[in-house]
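Here are a few friendly notes to read alongside the model.

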Amino acid sequence: MDKVMASAADAVADIPEGASLAVGGFGLCGIPTVLIGALHTQGTGGLRVVSNNCGIDGQGLGVLLTAGRIARVTGCYVGENKEFARQYLAGELEVELTPQGTLAERLRAGGTGIPAFYTPAGVGTQVAEGGLPWRYGRDGSVAVASPPKETRTFRGRTYVLEEAITTDFALVRAARGDRHGNLVFHRSAANFNPLAAMAGRITIAEVEELVEPGAIDPDAVHLPGIYVDRVVGPVPDDDKGIEKRTVRTREERH
């Protein structure tokens, strides 16, 4: 039951070339920086990443992206990363954009054994009808486009069928965790972390505070250890970047 690994390097050592990864975090909030760093050092490439976004230039998943280690991204927001845009438009990166709530539910469904579900999000758009550019050719043409999805009407309203997501591995970060893998997230750092953890066949969690089993009140557990296979920690909590810095005083803003 003791899931604590000797190091982050040991925890990610068996992640192979071309593996699929569900990665927690939203922007730079709640991202597993230590595990991402260990994976970068290891040199694994061809990764297929599922995450809300792909970090920013030089931080978070942006570290792996800049190094050319990511082949495909499934996400819903990519506007803060210039290198991401460059690779996508140059045909170096395949990108599947999906509505944010849909992405969250696809991960949750994957973790709970639900193969697919119907949602109204995206009906009447290319999300449902197909044709979204997943990959561009070197000449700017669309090399791979999204396929059309099944739709169905319930009680007079049209819904689109979305398939659940499961991945080979998941990388997440928590504020507290015990040796059994029970995790507690700090406020908005919960974001996609529990959902990504549920979707991974092998889930690796880095924790800022590592405690003994029983130290976390069962009612305070946000994600039970059944979803977590490996724990790394304690990790430093001073590695949290700031996505957008304030450059004016409050008085100037108002």
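1. Let's begin with Glu 96, which counts as buried at 10% relative accessibility (buried is under 20% relative accessible area, exposed over 50% and partly exposed in between, with a 1.4 Å probe and protein chains only). Its salt-bridge partner is Arg 106, with the closest N and O atoms 3.2 Å apart; a salt bridge here is a side-chain nitrogen of Lys or Arg within 4 Å of a carboxyl oxygen of Asp or Glu. This pair links distant parts of the chain, Glu 96 being in strand β4 and Arg 106 in helix α5 (residues 100–112), 10 residues apart. Arg 106 is buried too, with a relative accessible area of 9%.

2. A word on provenance: this is a predicted model, in which local features need pLDDT of at least 70 and side-chain atom pairs count only at pLDDT 80 or more, while totals for chains, interfaces and linings use all residues. Residues are numbered from 1 along each chain as its sequence is written, and side-chain values use heavy atoms, with hydrogens and water left out.

3. Glu 94 forms a salt bridge with Arg 135 (3.7 Å, N to O). Glu 94 lies in strand β4 (residues 94–97) and Arg 135 in strand β6 (residues 133–136), so the bridge ties together parts 41 residues apart in sequence. Glu 94 is buried at 15% relative accessible area, whereas Arg 135 is partly exposed at 22%.

4. The search of the whole structure finds 17 salt bridges.

5. Another of them joins Arg 201 and Asp 168 (3.2 Å, N to O). Arg 201 lies in strand β12 (residues 200–211) and Asp 168 in strand β10 (residues 167–178), so parts 33 residues apart in sequence are tied together. Arg 201 counts as exposed at 53% relative accessibility, and Asp 168 as partly exposed at 26%.

6. Stepping back, the chain has eight helices and 13 strands (DSSP runs numbered from the N terminus: H or I of at least four residues for helices, E of at least two for strands). Of its 254 residues, 46% count as buried. Residues 24 or more positions apart account for 73% of the contacts with a separation of 6 or more, a contact being heavy atoms within 4.5 Å.
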